[in-house]
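Welcome! Please take a moment to look over the sequence and the model below, and then read on for a short tour.

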Amino acid sequence: MKKNKGKILLITIAALAGFFLVLYLLPCLFPIHVIYNPLNGYTYTVYADYVILEEYWWNKEHVKIPDCMWGRPVTVIDNSCFYGYSLAYRANDIRKIRIIETIELPKYLEKIGDMAFGDLPELKAVRGGENVEYIGTHA
């Protein structure tokens with residue numbers, strides 16, 4: 001009986017390791033597009049060695065953008081990532097004003113796209129961004 005439990009445990013560990021290895025290596029073969037992750041509120045694309053944030057869906061006063069996702073650095077905030085939802089909060093399609101007051105940028109961030117933080121009337125501060133090389137128009 002103990003031998004069977006040991007084999008089952010070994011097979012389970014091997015299967016989990018294989019699963020996580022495939023998930024980690026998958027973006028090396030082709031980009032993975034995640035449409036609204038309910039755990040962090042972002043839509044993003046994972047590439048072999050970086051992540052692009054494309055949309056932010058939550059409505060929080062203080063936003064801290066993660067440094068890494070899927071073990072890869074967040075290097076780009078795409079065009080209009082935080083823009084455009086002052087009229088409708090799309091997750092529930094409820095009319096709601098964006099209340100974002102502060103945004104903390106990830107430490108590996110290199111590019112901020114056009115209008116990335118546009119239409120945020122309550123925005124008071126954007127912190128971080130020491131490594132940013134490009135800031136788009138009206139960002």
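Two strands count as paired if DSSP finds at least two bridges between them. With that in mind, here is a first look at this predicted model. The protein chain holds 1 helix and 10 strands, and along the sequence they follow the pattern α-β-β-β-β-β-β-β-β-β-β.

**The chain as a whole**
- The protein chain has 139 residues, and 35% of them count as buried.
- Its accessible surface comes to about 8,700 Å², with 62% of that belonging to carbon and sulfur atoms.
- Among contacts in the protein chain with a separation of 6 or more, 49% link residues 24 or more positions apart.

**The nonpolar core**
- The largest nonpolar core is made up of 25 residues.
- Tyr42, Ile65, Ile77, Phe82, Ile103 and Phe117 have the most contacts inside this core.
- Two or more core residues come from each of strand E1 (32-37), strand E2 (42-46), strand E3 (51-56) and strand E6 (72-77).

**A sheet to find**
- Strands of a sheet pair through backbone hydrogen bonds, either parallel or antiparallel.
- Here, 3 strands form an open sheet in the order E4-E7-E9, and the pairing is parallel.
- Strand E4 (62-64) and strand E9 (125-127) each have a single partner strand, so one side of each has no neighbour in the sheet.
- From one strand to the next, the twist averages 10°.
- Strand E7 (residues 102-104) runs parallel to E9 and is joined to E9 by 3 bridges.
- Which residue in E9 is the bridge partner of threonine 102? That partner is alanine 125.

How values were computed. Residues numbered from 1 in each chain as written. Predicted model: local features only at pLDDT ≥ 70, side-chain atom pairs only at ≥ 80, totals over all residues. Heavy atoms only, no water. Helix = DSSP H or I, 4+ residues; strand = E, 2+ residues; numbered from the N terminus. Buried < 20%, exposed > 50% of the residue type's maximum accessible area, 1.4 Å probe, protein only. Contact = heavy atoms within 4.5 Å. Areas by Shrake-Rupley, 256 points an atom, 1.4 Å probe, with all protein chains shown as cover. Core = buried A, V, L, I, M, F, W, Y, C linked by side-chain atoms within 4.5 Å. Axes fitted to C-alpha atoms, helices over the stretch in contact; angles between N-to-C directions.
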